[in-house]
Amino acid sequence: MTELEDRLERFETLTAECELIAKLATDSSKREFYLKLGDQYRQLAVDMRRAIATRTAA
């Protein structure tokens, strides 16, 4: 597994963890925080997939 694939896997794991924490949070401000954080990690994963595809195509 390449370094980029390792990072992609980590971002996907962090996304899932944030979604779980948000689902379990009883405080609405914490729920919102973890939802936003999860969205940021999801976008990083999308960007990493794009970088992997670009590197593979080259």
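**Note on the packing of two helices**

1. Helices α1 and α2 pack with their axes 8 Å apart and at an angle of about 160°. Helices here are DSSP runs of H or I with at least four residues, numbered from the N terminus. Axes are lines fitted to C-alpha atoms over the stretch in contact, and angles run from 0 to 180 degrees between N-to-C directions. The two helices, α1 and α2, are therefore roughly antiparallel (the angle is over 145 degrees). Their crossing is left-handed, a term for a near helix turned anticlockwise from the far one by less than a right angle. By class, the contact of α1 with α2 has 15 nonpolar, eight charged and two polar residues. In this scheme Ala, Val, Leu, Ile, Met, Phe, Trp, Tyr, Cys and Pro count as nonpolar, Asp, Glu, Lys and Arg as charged, and the others, Gly among them, as polar.

2. The model is predicted: local features need pLDDT of at least 70 and side-chain atom pairs pLDDT 80 or more, while totals for chains, interfaces and linings use all residues. Residues are numbered from 1 along each chain as its sequence is written, and side-chain values use heavy atoms, without hydrogens or water.

3. The largest nonpolar core consists of Leu4, Leu8, Phe11, Ala45, Met48 and Ile52, six residues in total. Both α1 (3-24) and α2 (28-57) supply at least two residues of this core. Such a core is a set of buried Ala, Val, Leu, Ile, Met, Phe, Trp, Tyr and Cys residues joined through side-chain atoms within 4.5 Å. Phe11 is in contact (heavy atoms within 4.5 Å) with Tyr41, Leu44, Ala45 and Met48, leaving aside neighbours within four places in sequence.

4. Thr15 lies in helix α1. Its relative accessibility is 8%, so Thr15 counts as buried; buried means under 20% relative accessible area, exposed over 50% and partly exposed in between, with a 1.4 Å probe and protein chains only. Not counting residues up to four places away in sequence, Thr15 touches Gly38, Tyr41 and Arg42.

5. Two further residues are partly exposed. Glu5, in helix α1, has 33% relative accessibility and so counts as partly exposed. Leu35, in helix α2, counts as partly exposed at 39%.

Definitions and conventions:
Parallel < 35°, antiparallel > 145°, perpendicular 65-115°, else oblique.
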